[in-house]
Every structure is written in structure tokens, then in C-alpha cells.
Amino acid sequence: LILVMEPLTIAGALIGAFLNKLLPEAILVISLVALLSFTAQKTLTKAVRMYKAETKALLATKGRARVRSDGTKESELTRIAREMEEEEDE
């Protein structure tokens with residue numbers, strides 16, 4: 001994993017340093033604000049979706065904890081996150 005991520009990290013730093021020298025400050029600020037807005041919107045959308053799914057599951061089970069096959073309890077948030085990942089993989 002590190003062999004894949006590290007070259008991309010270095011390339012991103014080099015490109016960012018090059019663009020910092022090349023572009024005017026106003027364009028850099030606008031592009032960074034746009035990137036931050038896009039990232040924040042995606043995060044908020046996912047958080048709201050997870051909150052709704054968790055609330056719905058808690059109301060359906062009325063707070064009962066589920067027991068896994070090894071005898072440990074799985075939290076609702078863990079179960080919902082796992083199910084959402086499985087749905088995204090399909």
C-alpha cells in the first residue's frame with residue numbers, strides 16, 4: 001500500500017509547489033475553496049445518510065444489541081457501516 005501511495009503523495013506535492021509558483025494567488029484561493037467545498041459536501045452527505053440509516057435501524061431494533069457468532073456484541077453503527085460498504089461494492 002505504501003508503495004502505491006508514496007509516489008502519488010510526492011507527485012502531488014511537486015505539482016502543488018509548481019502550481020503555487022505559476023498561478024496567481026486569487027486562482028489558488030478559489031481552487032482551494034472549491035476543493036474544500038466539494039469535500040465538505042461529500043462528507044456531510046455521507047454523514048446525514050449514515051445518521052438516517054442508524055436512526056432507522058435503532059428504532060427498528062429498539063436498541064437491542066446484536067451478538068456475533070463469536071459471542072461479542074456488534075454496535076449498530078459498525079453494522080450499518082459494514083452494510084453500507086457492502087451496498088457500495090455491489
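This is a predicted model: local features need pLDDT of at least 70, side-chain atom pairs count only at pLDDT 80 or more; totals for chains, interfaces and linings use all residues.
Let's start with the parts list. The protein has 3 helices and 2 strands.

Now, the overall shape. How does the radius of gyration of the protein relate to that of a compact globule of 90 residues? The globule would come out near 12 Å, whereas the protein has 21 Å. Along the principal axes, the C-alpha atoms fill a box of roughly 60 × 30 × 20 Å.

Next, the surface. Of the 90 residues, 10% count as buried. The protein exposes about 7,900 Å², and 67% of that comes from carbon and sulfur atoms. As for charges, there are 13 positive and 13 negative ones, and their mean positions lie 7 Å apart.

Let's finish with helix 3, which covers residues 76–89. Its 14 residues reach 20 Å from the first C-alpha to the last, close to the 20 Å expected at 1.5 Å a residue.

Which residues of helix 3 are buried? They are Glu-76, Arg-79, Ile-80 and Met-84. These four cover an arc of only 130° around the axis, so they sit on the same side of helix 3. Turn to the other side of helix 3, and you find Glu-85, Glu-88 and Asp-89, which are exposed.

Conventions: Residues are numbered from 1 along each chain as its sequence is written. Side-chain values use heavy atoms; hydrogens and water are left out. The radius of gyration is taken over C-alpha atoms; the globule rule is 2.2 Å times the number of residues to the power 0.38. Buried means under 20% relative accessible area, exposed over 50%, partly exposed in between (1.4 Å probe, protein chains only). Accessible areas come from the Shrake-Rupley method with a 1.4 Å probe; for residues, only the protein chains shown count as cover. Lys and Arg count as positive and Asp and Glu as negative; His and the chain ends are not counted. The place of a charge is taken as NZ of Lys, CZ of Arg, CG of Asp or CD of Glu. The expected span of a helix is 1.5 Å times one less than its number of residues. The arc is that of the directions from the helix axis to the C-beta atoms.
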